Amino acid sequence: MHRWTRAGVMVVALGWILAGLSGCGSAGTSAVAPPQTSTPQPGVGVHGLVRGGQQAIVGATVAMYAAGTAGDGAGAVNLLGAGGVSTDSVSAFTIPASYVCPSAATQIYLVARGGNVAGGANNAASVMMAAVGDCGGLTSATNVVINEVTTAAAAWALAQFTSEGGGAGGVVGATATNAVGLRNAFAVAKNLADATAGTAPGAALPPGAAMETAKLNSLANALSACVVSSAGAGCGPLFTATTIGSAVPADTLDAALNVVTHPGSNVSAVFGVATMSRTFTPALARAPNDWTMSITYGGCVPAACGGLNLPGAVAIDSSGSVVVANYFGGVMSKFSATGAPASVAGFAGVGLRESFGIAVDANDNVWVANEQSVTAANNQHHGSVSEFSSAGVELSRNGYTGGGLYYPVALAVDAGGDVWAANYGNSSATLLAQDGSAISGAGGYAASALPFTSAVAIDASHNAWFAAQNAAVRVTPAGAVTSFACCNDPAGIAIDASGNVWIADYNGSAVVEMTSTGAVAHTVSVLAGNGGPKGIAVDGAGNVWAGNYYGNSLVEILGTTASAASPAAGYGVDAGLHEPYGLAIDACGGVWVSNSAANTLTQFVGLASPVKTPLLGPPVKP
């Protein structure tokens, strides 16, 4: 049996309760909702400064861009025409009110090119960015500082939406169907940096959240030596350190993007350049494990941090809000796309008890698997499934208990609204209709065919694939069962757009790829036998992400080659992961991981290819 099942969880959780978790906390909002108006909006005057290494940059050209809607990294429009405005002798600039916002919800960013510091020659290699946000939110009081810190923050937050190379300063855009993901990415940039001051972290960072500020400042320091140099004379070390294969950066923004989109490459070399400047502090004292950027939410008394209390599975709704199941506390946690708790204490449910699994349906209703049910009236405490509205209202009262539910520990919802549950207690599957009624009959499906089942995923044909002892098991909506031997101890399962099945082999410390016909195609070792992969997900590009329960790290596997893309120790060693359990990917490329032994939720910013949410079958790009 897995060490994170009922008895093991109780021991771990008790240890943390007795240790006492110290406080943070604040209320927060739910999802990041766009303004309602979509009509063009008249512009307002915007003011700001362009700074390099805290010094004035004179003669820089500042352009104002509306992010594009023609695809990722495409279609941005300079609202100031072909040119821009220049900074004066004290680095100040003013954008006149003559521009027109395409809509109030259009995302705006500023790019400063060139200029000089202290009378030096123009530095064409200096290109910096600041993510501003809603065009409709600009006022005559808006003041923006563009510097190395805002550039690093924008590079991380907008990584999946920004084109690289060519010295064009980065083109930011998303598909027309992913406006929510793009807007959330701009909001995350405000968590990382305060564009009104040019400092990190951002003023929007929720109270109690912890981000890798020193890492962001170190990347800013690496850019600074180039930015402040006359005619780019100091840019050589930066460009050498940030070259990835044949991708040689032409400017500082290209360099930053190379770093954040290849976070495991040239790590020490980039750090070496960062030590050439100590302008922004605090900064790293030694080279990081990688250049991923994380923000961790929670880490305090559960009642003050959204209710996180031995968090389990993670799921994401259409607005980008993140929901988490909790083994203790009788609450479901929900956070906005920027980590603010929708309810300070979480959403209480009469039917919630020992909850591991969670999923979101097409209506953004939240389904939670309760390993034991509250009442013995229907199934002798053998477990239930609770349903909540997107507003956190419990719709299922004591929970649904039909369909053969017996200690359910994982859930998945298909595109038709049906809900599959993995029953750990009697090695079976349950299928519920979207109203909670049982489709799978009183005894469930696949009786005794799913020993120690712990995870479930849906393929394009609406079949459910379960992680079971030494096997992956496919169950059709009619209950037909096929078992495929695959691995040592499957603990997580995901399916890619091609129908391949990816399994987190917990005791085998490996990720296994199976074809849609059940043949083992590849086995990728994780952390040399000490990983314990559990949470697993596939991103919009078909790459696979797995959380290492004991390795306290995140592994990326390229879907095309089934080879590890992350460092030997995995990504996120600097993030403070602690027994990561659940994992999900959002529409702006954030990878969200629950830390079961720390009562926290970690967001890796802009790390993966975006996924349309909620997840209803194999992942697709939004």
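A salt bridge is a side-chain nitrogen of Lys or Arg within 4 Å of a carboxyl oxygen of Asp or Glu. The model is predicted: local features need pLDDT of at least 70, side-chain atom pairs count only at pLDDT 80 or more, and totals for chains, interfaces and linings use all residues. Residues are numbered from 1 along each chain as its sequence is written, and side-chain values use heavy atoms, with hydrogens and water left out.

**Exercise 1. Describe the salt bridge of Asp134.**

Step 1: Search the whole structure; 6 salt bridges turn up.
Step 2: Find the partner. The side chain of Asp134 meets that of Arg183, at 2.2 Å from N to O.
Step 3: Asp134 sits in strand 10 (residues 127-134) and Arg183 in helix 3, so the pair links distant parts of the chain, 49 residues apart. Helices (H or I, at least four residues) and strands (E, at least two) are DSSP runs, numbered from the N terminus.

**Exercise 2. Work out how helix 2 packs on helix 3.**

Step 1: Take the axes, lines fitted to C-alpha atoms over the stretch in contact, with angles from 0 to 180 degrees between N-to-C directions. Those of helix 2 (residues 148-157) and helix 3 (residues 179-192) come within 9 Å and cross at roughly 140 degrees.
Step 2: Classify the angle. Under 35 degrees is roughly parallel, over 145 roughly antiparallel, 65 to 115 roughly perpendicular and the rest oblique. Helix 2 and helix 3 are therefore oblique.
Step 3: List the contact (heavy atoms within 4.5 Å). Helix 2 gives Ala153, Trp156 and Ala157; helix 3 gives Ala185, Val188, Ala189 and Leu192.
Step 4: Sort by class. Ala, Val, Leu, Ile, Met, Phe, Trp, Tyr, Cys and Pro count as nonpolar, Asp, Glu, Lys and Arg as charged, the others, Gly among them, as polar. This contact has 7 nonpolar, no polar and no charged residues.

**Exercise 3. Repeat the analysis for helix 2 and helix 4.**

Step 1: The axes of helix 2 and helix 4 (residues 213-227) lie 8 Å apart, at about 120 degrees.
Step 2: This pair is therefore oblique.
Step 3: Among the contact residues are Glu148 and Trp156 of helix 2 and Lys215 and Leu223 of helix 4.
Step 4: The classes are 9 nonpolar, 3 polar and 2 charged.
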